[in-house]
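This report concerns the salt bridges of one protein model and the packing of one of its helices. Please consult the sequence and the coordinates alongside the text.

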Amino acid sequence: MAQGSGVGEVSFANSGSPAAQADFLHGLALLHDFEYADAAAAFRRAQAADPSFAMAYWGEAMTYNHPLWAQQDASGARAVLQRLAPTPEERQAKAKTAREKAYLRAVEILYGDGDKYARDDKYSAAMAEVHRDYPDDVDATAFYALSILGTAHTRDFATYMRAAALLEEVFPTHQHHPGVVHYLIHCYDDPIHAPLGLRAARLYSQVAPEAAHAQHMTSHIFVAMGMWDDVVAANEMAVRVSEEHLKDRYSLCGHYPFWLEYGYLQQGRVAKARQVLDACRATLRPGNPGLESSYAEMRNRFLLDSERWDDETARAPLAPASDPEVRVTYLFGSGYAAARRGDLAAAREALDGLRSAAAAVNGDGQEAKRAQILQEELTALLESRSNHVDDAIARLHRASEMDHGMAFEFGPPFVDKPVDELLGEVLLAAKRPGEAQKAFASALARTPGRVQSLRGLEASARLAGDREAAGAAAEQLAQALRKADGAK
């Protein structure tokens with residue numbers, strides 16, 4: 001049984017009644033698109049059409065696991081499975097084929113007892129068996145590859161390439177399958193491997209034109225390659241699809257607007273970026289941590305990449321965010337802008353608050369490391385502005401080592417001001433162009449095509465007398481900024 005739609009083409013043999021097929025297949029395609037809420041609704045419609053259809057419950061349970069976002073609602077998924085039958089043994093009896101029983105066994109493991117990370121590993125092993133026993137089942141291949149990605153927890157290139165190898169085997173014959181194309185993009189969305197994902201990125205927006213996540217997902221490759229026009233086009237479409245299809249859940253803050261704002265800034269279209277930021281700010285409501293976090297991120301991107309240090313956004317009072325990670329973001333942006341415009345007293349006050357907020361970020365994970373790096377960057381900037389340049393440079397070298405030691409995070413810079421970029425700027429101001437050139441080149445290896453690093457590379461290369469490098473950087477800059485506000 002097959003179905004092609006605006007969310008991708010899937011074919012999945014199953015024992016459900018004819019009345020349940022359209023909704024089940026639609027839900028399956030949406031599940032591969034990570035459109036989880038709509039997928040769950042489709043699977044529930046399939047259950048209503050055929051209450052004994054075990055795979056419809058399997059599908060809804062799968063929507064509670066978001067392996068690449070480090071999210072799982074195990075209790076919600078278990079409640080779905082219990083609606084099928086109270087025990088795993090009774091649920092197995094409801095599955096009418098050996099293949100359906102295998103899928104159901106795997107999902108029972110995913111939401112079984114024990115630590116989530118251990119369950120992720122066991123679930124992947126179960127999907128490996130499904131893939132082995134049903135080698136012609138493209139969904140088994142896709143879900144097995146996704147389960148491998150789900151065992152990484154942080155970026156692990158070897159693990160990601162294992163998943164890619166599986167998907168590459170089926171890609172030539174399943175180029176309209178939403179899972180195959182989507183998961184390949186996730187395998188390759190880093191600056192080293194992104195060229196390998198360009199084929200899938202070019203296809204996915206056409207495969208699933210009605211899935212907002214599919215439209216956005218292509219930009220994971222485009223950002224990693226510095227393809228700013230494509231980044232903007234992808235996220236403009238993602239926002240548009242969200243507005244058309246998800247009006248009740250759509251926010252002017254969030255993932256797609258953030259990436260869109262970043263693309264506009266990299267094109268030099270500051271007025272367009274400002275529109276996106278202002279639209280997000282207009283939606284802010286007290287006590288909504290998600291909106292506060294999104295706005296804080298978007299505010300920092302606007303300030304750091306437009307370099308409008310006197311903008312009223314930079315001088316706005318700190319929002320009363322309770323989340324220490326959000327406070328870290330706000331305080332870094334405020335302090336950095338203050339230091340750049342010469343208000344060192346305000347910058348020091350922000351740094352004091354940043355230290356307190358950073359200390360409240362729990363654990364030793366990526367967010368805690370980011371908070372520490374931002375603290376070091378703001379300290380170094382103040383040192384450089386207070387004529388302690390050598391101390392600032394030494395501090396930034398240490399922060400760079402810390403940054404390079406973190407797992408790679410795809411997308412706009414995870415550390416709001418890339419450390420090597422700031423190091424290059426401080427070195428350039430200190431008239432050390434050769435060292436600055438190396439720092440900017442290092443920044444561009446991690447954030448290809450980033451305009452701020454290209455500007456620094458061009459300036460430092462010219463000062464160092466490296467005309468070839470300066471010319472290449474200038475050419476890239478001209479290409480990125482050809483759509484800048486006011487440009488012909």
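A salt bridge is taken here as a side-chain nitrogen of Lys or Arg within 4 Å of a carboxyl oxygen of Asp or Glu. The model is a predicted one. By this criterion, 32 salt bridges are counted.

**Salt bridges**

| Pair | N to O distance | Location |
|---|---|---|
| Arg-462 and Glu-458 | 3.2 Å | helix H24 (residues 451-464) |
| Arg-355 and Asp-352 | 3.4 Å | helix H19 (residues 344-359) |
| Asp-416 and Arg-370 | 2.9 Å | loop between H21 and H22, and helix H20 (residues 366-385) |

In helix H24, Arg-462 and Glu-458 are four residues apart, about one turn of the helix. An α-helix has 3.6 residues a turn, so residues three or four places apart point the same way. Glu-458 is buried, with a relative accessible area of 19%; the cut-off for buried is under 20%.

The third pair connects separate elements. Asp-416 and Arg-370 form a salt bridge with their closest N and O atoms 2.9 Å apart. Asp-416 is located in the loop between helix H21 (389-404) and helix H22 (419-429), whereas Arg-370 belongs to helix H20, so the pair ties together parts that are 46 residues apart in sequence. Both Asp-416 and Arg-370 are buried.

Beyond these pairs, a network of salt bridges links Arg-301, Asp-305, Arg-340, Lys-417, Glu-421, Glu-425 and Arg-450.

**Helix H25**

Which residues of H25 are buried? They are Ala-470, Ala-473, Leu-477 and Ala-480. These residues cover an arc of only 90 degrees around the axis, which puts them on the same side of H25. On the other side of H25, the exposed residues are Arg-467, Glu-468 and Glu-475.

The buried residues of H25 pack against helix H13 (228-245), helix H14 (255-266) and H24.

The length of H25 can be checked against its residue count. Helix H25 (residues 467-480) has 14 residues, which at 1.5 Å a residue should span 20 Å. The end C-alpha atoms of H25 are 20 Å apart, in agreement with that expectation.

Terms used: Residues are numbered from 1 along each chain as its sequence is written. This is a predicted model: local features need pLDDT of at least 70, side-chain atom pairs count only at pLDDT 80 or more; totals for chains, interfaces and linings use all residues. Side-chain values use heavy atoms; hydrogens and water are left out. Helices (H or I, at least four residues) and strands (E, at least two) are DSSP runs, numbered from the N terminus. Buried means under 20% relative accessible area, exposed over 50%, partly exposed in between (1.4 Å probe, protein chains only). The expected span of a helix is 1.5 Å times one less than its number of residues. The arc is that of the directions from the helix axis to the C-beta atoms. Contact means heavy atoms within 4.5 Å.
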